[in-house]
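Please read them with the structure open beside you.

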Amino acid sequence: MAPIKKGILERLNTGEVVIGDGGFVFALEKRGYVKAGPWTPEASVTHPEAVRQLHREFLRAGANVMQTFTFYASDDKLVNRGQALKMTGTQINEAACDLARQVANEGDALVAGGVSQTPSYLSCKSESDVKAIFKKQLEVFMKKNVDFLIAEYYEHVEEAEWAVQVLKTSGKPVAVSLCIGPEGDMHGVSPGECAVRLVKAGAQIVGVNCHFDPMTCVKTVKMMKEGVEKAGLRAHYMVQPLAYHTPDCNRQGFIDLPEFPFGLEPRILTRWDMHKYAREAYKAGIRFIGGCCGFEPYHIRAVAEELAAERGIMPPGTEKHGMWGAGLEMHTKPWVRARSRREYWEQLLPACGRPLCPSMSTPEGWGVTKGHADLLQHKEATSSQEMKHVLDMQKKAKSSA
């Protein structure tokens with residue numbers, strides 16, 4: 001029999017570094033399996049081989065959490081704004097659990113069942129309505145016996161609290177990550193207060209994911225940690241940021257950038273940037289370190305390589321990667337061989353190669369969030385009248401920027 005794996009809390013309680021995987025929706029959109037806009041994970045059913053392969057690539061890169069590809073897999077999201085999927089959230093969630101478990105069993109990885117924010121909350125549905133959505137997803141995770149649960153990608157701490165309250169009824173460890181920056185959630189609740197509320201709701205692991213670059217996310221988790229400690233509470237901390245530079249973002253994060261989602265490539269972090277991120281996260285006391293949108297397996301491999309001494313293991317993917325460019329010693333061109341050293345890559349300032357490209361953008365900043373009429377969601381496709389309204393709003397926002 002295979003040895004019993006240590007659980008997430010067992011690992012974190014002993015100071016072990018747990019490495020998450022990366023951004024499945026963005027990675028699979030680029031590969032042709034996810035539609036940008038809905039960002040829903042039906043590929044777990046329609047193209048399981050693609051999802052399975054991406055899990056394997058992250059496992060090989062050093063991840064020891066296989067998060068189920070269940071982002072936005074609630075029924076209210078699957079039928080939102082004209083989607084006509086002929087499958088249910090339950091079907092998608094079950095398939096995603098099976099894929100994650102299959103790959104997790106190929107290494108020392110845990111399976112995390114994930115739930116995320118809902119159109120119902122943005123449309124001001126009741127607490128009981130929103131919690132019923134989470135309960136339905138939780139039923140699948142319990143049936144499939146995932147190792148722990150993650151409530152991720154919440155812009156409003158209130159909805160995250162509701163998710164945690166539902167997930168903690170399972171008796172399994174619960175992690176929760178908000179998609180916020182140092183300014184706090186979309187209603188202005190500070191990172192420290194958000195963390196305190198989430199710990200009191202029952203989360204054992206708190207942190208942030210998505211919307212901001214790694215250093216901004218590490219800064220935000222530090223603020224969470226300070227708030228929790230000041231309140232006399234205890235928690236473990238996690239961070240799963242974007243793989244994009246976002247120094248020009250406002251409270252909403254990269255969604256407000258005019259490049260979102262199809263023009264973000266000039267902002268991508270290098271593998272060497274990821275070494276710095278991993279080290280800063282570790283120094284901040286964060287022990288669950290992973291990635292979100294934009295993260296590819298090579299980014300996670302860089303995180304695992306940077307923290308190899310602390311973890312006591314190199315990722316299998318290092319077999320094809322010389323540390324700090326060492327493999328370039330085998331290159332045929334001497335000027336490329338000269339780049340096979342750490343000092344070169346640490347000091348490099350990458351150019352974008354775009355002569356007219358500005359260094360930063362102006363976020364649109366519409367100031368629309370939960371409670372605003374423009375965020376009421378519905379099953380029908382966006383009408384021409386609605387599109388005219390949002391184009392007028394866009395013109396107004398740009399003129400006032």
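1. Charge comes first: the protein carries 50 positive and 47 negative charges, and their mean positions lie 2 Å apart. In this count Lys and Arg are positive and Asp and Glu negative, while His and the chain ends are not counted; each charge is placed at NZ of Lys, CZ of Arg, CG of Asp or CD of Glu.

2. Please keep the basis of these values in mind, since this is a predicted model in which local features need pLDDT of at least 70 and side-chain atom pairs count only at pLDDT 80 or more, whereas totals for chains, interfaces and linings use all residues. Residues are numbered from 1 along each chain as its sequence is written, and side-chain values use heavy atoms, with hydrogens and water left out.

3. On overall form, the radius of gyration, taken over C-alpha atoms, is 21 Å, which agrees with the value near 21 Å for a compact globule of 401 residues; the globule rule is 2.2 Å times the number of residues to the power 0.38. Along the principal axes, the C-alpha atoms fill a box of roughly 60 × 60 × 45 Å.

4. The protein has 17 helices and 8 strands, these being DSSP runs numbered from the N terminus (helices H or I, at least four residues; strands E, at least two). Of the 401 residues, 52% count as buried, where buried means under 20% relative accessible area, exposed over 50% and partly exposed in between, with a 1.4 Å probe and protein chains only.

5. Strands β4 (residues 148-154) and β5 run parallel and are joined by 5 bridges, with Ile150 standing opposite Ala175 in β5; two strands pair if DSSP finds at least two bridges between them. Strand β5 (residues 174-178) is in turn joined to β6 by 4 bridges, again in parallel, and here Val176 stands opposite Val206 in β6.

6. Which residues of β5 point which way? Val174, Val176 and Leu178 point to one side and Ala175 and Ser177 to the other, and all are buried. In β6 (residues 205-209), 5 of the 5 residues are buried; Ile205, Gly207 and Asn209 point one way and Val206 and Val208 the other.

7. Thr70 deserves a look, in the loop between β2 (65-67) and α5 (75-78). Thr70 is buried, with a relative accessible area of 1%. Leaving aside neighbours within four places in sequence, Thr70 is in contact (heavy atoms within 4.5 Å) with residues including Pro41, Asn93 and Phe141.
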